[in-house]
Amino acid sequence: MANGIFEPQETQLVRDILKDVDLFINIGANVGYYCCHALSLEKPVIAVEPITRNLYYLLKNIQNNGWKTRAQIFPVALGHDTNILEMWGGGTGASLIKGWASIPESYVTQVPVLSLDRVIGNSLQGKRALILVDIEGAELMMLQGAIQTLAHTPRPIWIVEISSTEHQPTGTLVNPNFTQTFDIFFNQGYRAFTVEERSREVTKLDVLDIATGKCQIGTHNFLFR
């Protein structure tokens with residue numbers, strides 16, 4: 001991250017889209033890598049990060065660069081409603097999904113949970129937004145609390161990490177929420193594209209084939225617009 005070689009394709013895509021939006025929302029912000037890119041381009045930021053150690057570095061990175069009045073930080077996880085849930089792991093791999101990436105059951109803490117709609121409130125009013133999501137398998141529960149955000153006009157642009165087979169709990173071959181996660185976007189009129197060097201559209205039929213194990217896809221990052 002410090003050397004500027006972290007996720008080069010995703011980074012370039014984010015920077016390109018940031019030029020055409022008014023607001024950057026980073027869900028699962030970690031230590032603030034993408035937040036720093038947005039703030040360096042003078043885009044205001046809403047960052048969501050529940051892990052204490054990540055939050056420490058996120059705040060330091062923003063403060064040390066002189067951006068502390070331009071970023072709203074929410075130290076929570078996101079779900080379909082207000083709650084307190086268990087989160088397993090830490091660092092870049094923490095997840096609300098038990099057994100995710102073989103994280104030991106003993107490596108667990110409790111985190112407060114809000115819905116994205118509540119976190120954002122009226123911040124999107126009249127604004128174009130890019131929403132970047134990296135929350136290790138909890139995408140569906142986050143989207144279930146983002147109905148107003150998904151339907152906002154103008155529609156936000158989303159970049160979401162959605163694993164199909166990677167990091168699933170033991171005994172789970174394919175993400176059981178894969179189809180439903182995409183359907184939430186499709187039902188709101190979004191189109192899906194892969195985030196890779198040669199981006200291609202992902203259709204409902206493609207999603208079904210991936211979810212049923214008929215084919216695999218070479219990325220777990222997707223653009224919705």
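Trainee: Which residues of helix H1 (residues 8–18) are buried?

Mentor: Keep in mind that this is a predicted model. Seen down the axis of H1, the buried residues fall within an arc of 135°, so they line one face of the helix. The buried residues of that helix are Glu10, Thr11, Val14, Ile17 and Leu18.

Trainee: Thanks! What do the buried residues of H1 pack against?

Mentor: Here the partners include one helix, H2 (33–40). The others are strands: S1 (23–27), S7 (129–133), S8 (157–161) and S11 (221–224).

Trainee: Are H7 and helix H8 (residues 204–211) roughly parallel or antiparallel?

Mentor: Their axes lie 9 Å apart and pack at an angle of about 170°. An angle over 145 degrees counts as roughly antiparallel. That makes the arrangement of H7 to H8 roughly antiparallel.

Trainee: How many residues in the contact of H7 with H8 are charged?

Mentor: From H7 come Phe178, Thr179, Phe182, Phe186 and Asn187, and from H8 come Lys204, Val207, Ile210 and Ala211. These divide into six nonpolar, two polar and, for charged, one.

Trainee: Is serine 164 buried or exposed?

Mentor: Serine 164 sits in the loop between S8 and H7. Leaving aside residues up to four places away in sequence, serine 164 touches Leu173, Val174, Asn175, Phe178 and Ile210. Buried means under 20% relative accessible area. At 6% relative accessibility, serine 164 therefore counts as buried.

Trainee: Glutamate 42 is in a loop too; is it buried or exposed?

Mentor: Glutamate 42 lies between H2 and strand S2 (45–48), and its phi is near 65°, a positive value in a residue other than glycine. With a relative accessible area of 66%, glutamate 42 is exposed.

Trainee: What is the relative accessible area of glutamate 136?

Mentor: Glutamate 136 also has a positive phi, about 50°, although it is not a glycine. Its place is in the loop between S7 and helix H5 (139–143). Glutamate 136 is buried, with a relative accessible area of 8%.

Trainee: Finally, which peptide bond is cis?

Mentor: Look at the loop between helix H6 (147–150) and S8, where proline 154 is placed. With omega near 0°, the cis bond is the one from threonine 153 to proline 154.

Technical notes:
Residues are numbered from 1 along each chain as its sequence is written. This is a predicted model: local features need pLDDT of at least 70, side-chain atom pairs count only at pLDDT 80 or more; totals for chains, interfaces and linings use all residues. Side-chain values use heavy atoms; hydrogens and water are left out. Buried means under 20% relative accessible area, exposed over 50%, partly exposed in between (1.4 Å probe, protein chains only). Helices (H or I, at least four residues) and strands (E, at least two) are DSSP runs, numbered from the N terminus. The arc is that of the directions from the helix axis to the C-beta atoms. Contact means heavy atoms within 4.5 Å. Axes are lines fitted to C-alpha atoms, for helices over the stretch in contact, and angles run from 0 to 180 degrees between N-to-C directions. Angles under 35 degrees count as roughly parallel, over 145 as roughly antiparallel, 65 to 115 as roughly perpendicular and the rest as oblique. Ala, Val, Leu, Ile, Met, Phe, Trp, Tyr, Cys and Pro count as nonpolar, Asp, Glu, Lys and Arg as charged, and the others, Gly among them, as polar.
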